[in-house]
Amino acid sequence: ESDTASEISFQLTRHKKTPSSGSHSSDMASVSSVSGSVLSVYSGDFGSVDAQGTVEFALDYDEKNREFQVHVAQCKDLAVVDEKKGRSDPYVKTYLLPDKARMGKRKTSVKKRTVNPVYNEVLRYKIEKMVLLIQKLNLSVWHNDPLGRNSFLGEIEIDLASWDWSNRKLNWYPLKPRSLSAVNGVDHRGVMSLSIKYVPPGSLGRWPKNPPSGEVHIWVKDVKDLLQLRPSGVDSFVKCYVLPDTSKKSYQKTRVIKRDTNPVFNHTIVYDGFHTEDLKDACVELTVWDHEKLTNHFLGGIRLGLGTGLSYGISVDWMDSTQEEVAFWQEMMLAANEWIEGLLPLRSL
């Protein structure tokens with residue numbers, strides 16, 4: 001008798017006209033979603049140790065093998081993490097930014113009980129040179145703690161567009177503290193402009209009851225300042241789900257806008273089967289993706305709901321709306337039949 005997350009089912013009306021453009025032709029499909037495909041790769045393992053010391057490394061691009069190489073030689077005078085034992089167990093980690101997830105991280109081995117580790121290891125990325133030139137290299141040093149949280153020891157960030165590629169020599173660089181944006185979790189991925197509306201059951205006419213069940217309308221207008229993962233720009237589209245549904249028939253998406261970091265979608269979606277009490281337990285997830293032939297790359301997303309961590313009495317990790325997203329959803333709940341406009345930052349989810 002009790003609802004479970006997998007049993008909740010809404011209905012989807014598909015249309016691509018703006019809300020002001022007249023009637024909505026529709027075909028019905030049961031709605032659902034799986035949010036597990038969106039993974040966060042941003043670790044929060046920061047210690048309280050002040051960054052100090054230097055790191056020696058060299059960069060090279062192997063034209064023949066189309067491979068970016070980071071030769072990590074050694075570090076000197078790193079911070080001591082375990083004051084009692086006077087030790088650190090450091091390793092070096094690299095990412096290519098802005099999208100950590102796309103190319104992944106590379107790590108050296110861990111050197112135990114030393115603040116002057118010697119690595120002489122090469123970290124490799126298979127990547128086209130043109131794509132590499134719009135990336136930044138983030139190189140950081142960490143203390144490895146297999147039983148607890150790793151501690152941050154310092155980092156350096158290099159804009160590869162301005163790097164002197166004729167310089168293949170090993171050089172020393174001072175390690176810097178974690179940037180303020182990284183510490184605060186700021187992760188700018190663009191901003192989505194949208195409007196939402198809730199139409200309660202029967203609110204548009206007495207007889208016949210119109211609509212027979214409640215409806216949530218979502219008008220995806222545009223996105224500004226998307227991450228650019230390759231020189232030709234971004235071929236983006238938006239996916240929409242209503243969680244906690246898990247049926248694949250819920251999948252709804254916009255068309256692909258090519259070579260534009262500021263795409264205009266002007267796409268509307270209507271979900272019906274929404275009782276007013278469902279609004280506190282459901283979550284509208286909108287995610288933006290870069291379209292490529294072999295695989296699509298996640299660019300950022302938002303989740304509209306009350307952010308309680310619970311859905312129909314079940315603890316779920318996707319009920320994690322930010323304060324801005326919660327306020328936007330609450331405003332819709334309080335203003336039936338009215339379009340609520342919003343401008344929300346995309347996040348890594």
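Student: In this predicted model, over how many bridges do E3 and strand E10 pair?

Tutor: Strand E10 covers residues 171-174, and E3 pairs with this strand in the antiparallel sense. Within this pairing, Phe57 stands opposite Asn171 in E10. The number of bridges between E3 and E10 is four.

Student: Over how many bridges do E3 and strand E4 pair, and in which sense?

Tutor: Strand E4 spans residues 67-76. E3 and E4 pair over nine bridges, and the sense is antiparallel.

Student: Which residue in the turn of the hairpin formed by E3 and E4 has a positive phi?

Tutor: Four residues lie between E3 and E4 in this hairpin. The positive phi, about 50°, belongs to a residue in the turn, namely Arg66.

Student: Why is strand E3 largely enclosed by the rest of the structure?

Tutor: Strand E3 consists of nine residues, 54-62. A residue counts as buried when its relative accessible area is under 20%. E3 is largely enclosed because the number of its residues that are buried is seven of the nine.

Student: Is Cys283 buried or exposed?

Tutor: The cut-off for a buried residue is under 20% relative accessible area. Cys283 has 0% relative accessibility, so this residue counts as buried.

Student: How many disulfides does a search of the whole structure find?

Tutor: A disulfide requires two cysteine sulfur atoms within 2.5 Å. For Cys283, the closest cysteine sulfur is in Cys240, at 9.8 Å, which is too far for a bond. Across the whole structure, the number of disulfides found is zero.

Technical notes: Residues numbered from 1 in each chain as written. Predicted model: local features only at pLDDT ≥ 70, side-chain atom pairs only at ≥ 80, totals over all residues. Heavy atoms only, no water. Buried < 20%, exposed > 50% of the residue type's maximum accessible area, 1.4 Å probe, protein only. Helix = DSSP H or I, 4+ residues; strand = E, 2+ residues; numbered from the N terminus. Pairing = 2+ DSSP bridges.
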